[in-house]
Amino acid sequence: MKKVNKIVSEELFEWIRDIRRTIHQWPELGFKEEKTAEFISRTLKKLGIKHKTGIAQTGIVGKLITDEKAPTIALRADIDALPITEETGLPFASQNPGIMHACGHDGHTAIVLGAARLLKEDPPEGNVVFIFQPAEETDGGAKPMIEEGVLEGVDMIFGGHIERDNYAGMIGIKSGVHTAFTDAFEIKVIGKGGHAARPHETVDAVLLASQIVINLQTIISRDIDPVHPAVLTVGYIRSGTVYNAIADRAVLRGTIRTTDETVRELIIDKTRKMCASLAILHDAEIKFNNKPGYPPIINDEVSLEYAKYVAEKLIGKGNTVSLPHPSLGGEDFAYYLMKVPGCFVRFGAAKDGHEKIASHSPKFDFDEDVLRVGAAYLSELVRYSIKKLRKQ
Ligand code: NI
C-alpha cells in the first residue's frame, strides 16, 4: 500500500506537510478561524491565486481562471477544529489550549492547497474554485458560503474526508447516500420534587428521564424497518442535586441519525408522542425540542463516475474502494450538492498503531502520506472533469 511516494515530488509533499503541521499547531473553532484564514490567504498569494477573504466570516475562496467559457470545478476544504485538548504528543501539537484539529480538517486544507499549487503550475483547460470553508463541526459554514455566492458559475464540486478505515493510497467512494441527517434534540422533564422517602408526593424527574432513555431505544428497535439505518443517542442527561431528594427537573440531549426522510420524520414523531404520553401518565410536563442538522450527502452519479475513474487511474482499481454503507456521521458538504452536482470521497489515512483511534479523540492523528495522494487526486480529478464537461 505504501507505493504512494512517487505520486508527487518530495519537495511538493514536504510543502503540503508543512502546511498541515502549521495549521495543526494553531487550531481554531468554527467561525473563529482567523489565523488559519490568514495563513491560507498568504499561501494562495504566494501561489499567485486570486482570492477573497471574509466570506461567511472566516471563509476564503480562490479562483484560477484560464478560460471564462470553459467548465468550472470547485474543490472544498473545511478549516475548523474542535474543542478538545490534544494528547498526541506530536512535535507540532496544538498550541491553542483546549482546541485541536482532531478530525483531519488541517489535512483537508493542506490537500486542497496542494491541489491548488499543482493546478496553478500546470493549469487545466478550464477554471477552478478553491473553497476554504469555516465551521463544518458546528453550525455549518457551507450554507452561508453558498448564500454569499461561492457556487456561482460552478459546474461540479468535489471534496473529501480523511478516514482511518483504509490506508493512505486508498480512496473510498460511496454511490448515492453517503452521510446522515443529523438532528439534535433536547427533552426537558418538569416533575415535582420532594423527600426521597415520600415518592408518592412527588413526580420523579430522574425516573422519567430514565424511562425516556429506554423508550427511545424501543423506537429504533421496534418502529423502524431494520433495513434502514437509524441511530438515536442520548449523550447528555442531567438531573438532581442530592442523594436524598427526588429531583423535580431533568434535561436530556441527544442526536437522531438517519439516511431517509420518512424514517427521520417517524422517529421525531414517535419521540414527540412518547414524551406527551409519558407526561399524561405521570402528571409531569415534558417538552421535546428537535433542531434539524445537516441533510445527507447524496453523491451525483456522473461526478461519482469521474471520481472513480480518476482514482482507479491514479492508485489502481484495488485501492479504489466502493463503500458498501453510508456513514451516520454528518457533513455540510451536503448543501453544496443540493445546488450543483458533485462527489464526496474518503481519503484512507490510517496511521500504524492508530487504527483504533477515532476522529474527535484527543489522540487522533493520520498518516501524512494521504496529503500526497489527496492533492494529486483532486488536481487530476479537476483536469479530468473539465475535459469531460468540455465535450458535452
Ligand atoms: Ni470532519
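Modeller: Before we start, one definition: contact means heavy atoms within 4.5 Å. And keep in mind that this is a predicted model.

Biologist: Fine. Which strands does helix 9 lie across?

Modeller: Helix 9, residues 369-391, lies across strand 3 (72-78), strand 4 (127-133), strand 5, strand 6 (171-173) and strand 14. Its direction is at about 160° to strand 14.

Biologist: How do I read the sheet itself? In what order do the strands come?

Modeller: The general idea: strands of a sheet pair through backbone hydrogen bonds, either parallel or antiparallel. Here, eight strands make an open sheet with mixed pairing, in the order 1-2-4-3-5-14-6-13. Strand 1 (50-55) and strand 13 (320-322) are the edges, each pairing on one side only. From one strand to the next, the twist averages 25°.

Biologist: How many bridges join strand 5 to strand 14?

Modeller: Eight, and the two strands run parallel. To find one of them, look for His 161, whose bridge partner in strand 14 is Arg 346.

Biologist: Now the nonpolar core. Which residues touch the most other members?

Modeller: In the largest core, which has 64 residues, they are Phe 130, Phe 132, Tyr 377 and Leu 378. Helix 9 gives the most to this core, eleven residues. If you click on Tyr 377, you'll find that its contacts include Ile 171, Ile 173, Val 345 and Phe 347. Apart from this core lies another one, of 28 residues, with Leu 208 and Leu 252 among them.

Biologist: And salt bridges? How many does a search of the whole structure find?

Modeller: The idea is that side chains of opposite charge can pair when their charged atoms come close. The search finds 25 here. Take Arg 20 and Asp 365, whose side chains meet at 3.1 Å, N to O. Arg 20 sits in helix 1 and Asp 365 in the loop between strand 14 and helix 9, 345 residues apart.

Biologist: Is Arg 20 buried or exposed?

Modeller: Buried means under 20% relative accessible area. Arg 20 has 1%, so it counts as buried, and Asp 365 is buried too, at 6%. Both belong to a network of salt bridges that also links Arg 21, Asp 106, Lys 351 and Glu 368.

Biologist: What about the salt bridge of Glu 87 and Lys 363?

Modeller: Their side chains meet at 3.2 Å, N to O. Glu 87 lies in the loop between strand 3 and helix 3 (105-121), and Lys 363 in the loop between strand 14 and helix 9, so the pair ties together parts 276 residues apart in sequence. Glu 87 is partly exposed at 46%, and Lys 363 is partly exposed at 41%.

Methods. Residues numbered from 1 in each chain as written. Predicted model: local features only at pLDDT ≥ 70, side-chain atom pairs only at ≥ 80, totals over all residues. Heavy atoms only, no water. Pairing = 2+ DSSP bridges. Helix = DSSP H or I, 4+ residues; strand = E, 2+ residues; numbered from the N terminus. Axes fitted to C-alpha atoms, helices over the stretch in contact; angles between N-to-C directions. Core = buried A, V, L, I, M, F, W, Y, C linked by side-chain atoms within 4.5 Å. Buried < 20%, exposed > 50% of the residue type's maximum accessible area, 1.4 Å probe, protein only. Salt bridge = Lys/Arg side-chain N within 4 Å of Asp/Glu carboxyl O. Lists of a residue's contacts leave out its neighbours within four places in sequence.
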